[in-house]
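Subject: Structure for you to look at

Dear colleague,

Here is the structure I promised to pass on. My notes follow below it.

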Amino acid sequence: MSDNTTAEQFDVIVIGSGPAGYVAAIRCAQLDMKVACIEKMKDRDGKNTLGGTCLNVGCIPSKSLLDSSYKYHEAAEQLSIHGIETKGVKIDVKKMIERKDGIVKQLTSGIGQLFKANGVTHIEGTAKLLAQKVVEVTNNDGAVTSYQAENVIIATGSTSIDIPVAQIDNKYIVDSTGALEFSTVPKRLGIIGAGVIGLELGSVWSRLGSEVVLLEAQDRFLAMMDQQISKDALKIFNKQGLDIRLGCRVTGSEVKNKKVEVQFQDGDGNEQSETFDKLIVCVGRKAYTENLLAPDCGVNIDERGCIYVNDLCMTDAPGIYAVGDVVRGPMLAHKGSEEGVMVAERIAGQQTVLNYDIIPNVIYTHPEIASVGQTEEQIKADGEPYNVGMFPFVASGRALAANDTDGLVKIIAHGETDRILGCHIIGPSAADLVQQVAIAMEFGSSAEDLGMIVFGHPTLSEAVHEAALSVHNHAIHKANRRKRK
Ligand code: FAD
Ligand code: AMP
């Protein structure tokens, strides 16, 4: 046990240095608070690292491999249409993985530099929250030090969900972290879960030549997305060669002769099995609070295992906040970062709030899938009147020039006020395009307002403009079927 009477005091202690924690720590420091950020994560070489899941094993490494694999796929399959001959294109997987590791290193060490520049104290070790806002840290050597804080921000993130029917062995059966490290392209790759991460990782290895089968328990593909977009996505991914099997519940798995045999019940209830060279388990993530909370620390957990917080990210204990994946809401890096900013500014006495209704969500497949606001199904269920405008990329000059015409932009506006309620895009650069609509929504824009803005030509964003015009049936570059308003 350590002696709390001499514990170093901080205005704020942040536990966890992922995008929620490091952003919170930096913002607190900018607001002149004495801040410490405690992080326990180590990289593959056993060195302490900052940046959490996002920078080390999440957003950044996955996008790095998505970009590399897409360039390979373009060179191998798509450049001939432009008159570019690329015979004998090869992929060097080791080099691709090393490039990814280099990007991770650059960004994670960048967080250390930002901490130094802002005066954030970086404490290496595993934190435990005790009563009275005392934080006990066990370092790499097992030494325990206590710190005292006026305010604590918990940002301990999330971890992959394990399923007993396919236990990770990190050789044949891996989670998303293992799937970022394959040293060769698996000939046959099985993926349990056709959600965001499964589709992104499946795309990486499929582009490099794997035969990919995704086993998804739900009958509906991407059930949380606007159904028009998810139907289009399913067709496009099937065309790309991803074998997505819906309604398939995995019941067991076995490693035999250096392969994984997976047993599952298909959509018709028949017992099936498939053999793969590797299997990725991507069935979702859960809040991470292991050994974090002493029973008398005052913080409670909700029914889904997340730390219970209100809309301002306050836990049940005064002066203790929680942000990011460890609390309710979508598990997205930018959602956690904005919660971190909100909490830092609230501690500083500002009145910052976060608009949870306008958080963009992206799947970085090709084409990308991006959305913000409500889906058509949600609006219909609420009984609100609405109008829909759509524009297909096949009618965009810029998309045609780029030979990237799959997908569409869909904008949904309120039937009476015309306020934009949601935007759903599948297509080239959907992630960046949806952000334009998110900005418009944040300013309370109507579809008509967006339609009156001048968009540069020729750009992909003209498809957003045309979809906004199409809400009132006066898109220019497609036939409007309904009466103009
Ligand atoms: P984390 O990033 O998980 O960080 C929490 C940190 O807390 C960790 O470093 C952990 O070591 C530390 N910690 C935990 N307990 C303790 C303790 N007791 N003491 C000290 N330290 C502790 N999101 C997106 O928005 N866009 C994407 O493209 C995207 N792609 C993803 C791809 C993959 C493969 C994965 C797995 C996730 C992806 N995500 C993406 C999700 C994103 O990574 C998370 O939403 C984000 O990292 C959550 O941030 P966080 O700060 O809440 O937690
Ligand atoms: P996401 O939460 O986007 O990462 O997606 C995880 C996906 O895994 C969801 O679509 C779940 O329906 C799916 N899933 C969860 N458990 C299983 C299972 N046992 N077999 C197949 N799919 C599953």
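Which residue stands opposite Ile-13 in β2? The residue is Ala-36. β1 and β2 pair in the parallel sense over four bridges, where strands are DSSP runs of E with at least two residues, helices are runs of H or I with at least four residues, and both are numbered from the N terminus. Two strands count as paired if DSSP finds at least two bridges between them.

First, the basis of the notes. This is a predicted model, in which local features need pLDDT of at least 70 and side-chain atom pairs count only at pLDDT 80 or more, while totals for chains, interfaces and linings use all residues. Residues are numbered from 1 along each chain as its sequence is written, chains are lettered from A and ligands numbered from 1 in the order in which they are written, and side-chain values use heavy atoms, with hydrogens and water left out.

Domains

The domain assignment gives domain 1 (2-159 + 286-347), domain 2 (173-283) and domain 3 (361-470); such bounds come from an automatic or database assignment. The centres of domain 1 and domain 2, taken over C-alpha atoms, are separated by 28 Å. Their contact (heavy atoms within 4.5 Å) takes 17 residues from domain 1 and 13 residues from domain 2.

Domain 1 and domain 2 bury about 1,300 Å² between them, with 67% of it on carbon and sulfur atoms. Buried area here is the accessible area (1.4 Å probe) that two parts lose on being put together, summed over both. On the domain 1 side, Val-57, Leu-66 and Val-93 lose the most area to domain 2, together 34% of what that side buries.

The rule finds three salt bridges across the interface of domain 1 and domain 2, a salt bridge being a side-chain nitrogen of Lys or Arg within 4 Å of a carboxyl oxygen of Asp or Glu. Between domain 1 and domain 2 there are six residue pairs in polar contact, both residues at pLDDT 80 or more. A polar contact is a pair of N or O atoms within 3.5 Å; within protein, one must be able to donate a hydrogen and the other to accept it, and residues adjacent in sequence count only if both atoms are side-chain atoms.

On the side of domain 1 that touches domain 2, α3 (59-78) and α4 (93-118) each supply at least two residues. α3 gives the most to that side, with nine residues. By class, the side of domain 1 that touches domain 2 has 10 nonpolar, three polar and four charged residues. Ala, Val, Leu, Ile, Met, Phe, Trp, Tyr, Cys and Pro count as nonpolar, Asp, Glu, Lys and Arg as charged, and the others, Gly among them, as polar.

Other salt bridges

The structure holds 21 salt bridges. One of them joins Asp-101 and Arg-44, whose closest N and O atoms are 2.5 Å apart. This pair links distant parts of the chain: Asp-101 is in helix α4, and Arg-44 is in the loop between β2 (35-39) and α2 (52-57), 57 residues apart. Lys-63 also forms a salt bridge, with Glu-200, at 2.7 Å between the closest N and O atoms.

Strands

An open sheet is formed by five strands in the order β8-β15-β9-β10-β11, with parallel pairing. β8 (173-174) and β11 (243-245) stand at the edges with a single partner strand each, so one side of each is left without a neighbour in the sheet. Strands β9 (residues 188-192) and β15 (residues 278-281) run parallel and are joined by four bridges; Ile-192 stands opposite Val-281 in β15.

Elsewhere, seven bridges join β1 (residues 8-15) to β6 (residues 144-154), and these strands run parallel. The bridge partner of Gln-9 in β6 is Gln-148.

Backbone

Most residues other than glycine have a negative phi, and most peptide bonds are trans. A cis peptide bond joins His-366 and Pro-367, with omega about 0 degrees. The bond from His-457 to Pro-458 is also cis, with omega near -5 degrees. Asp-32 has a positive phi, near 70 degrees, and lies in the loop between α1 (19-30) and β2.

Regards
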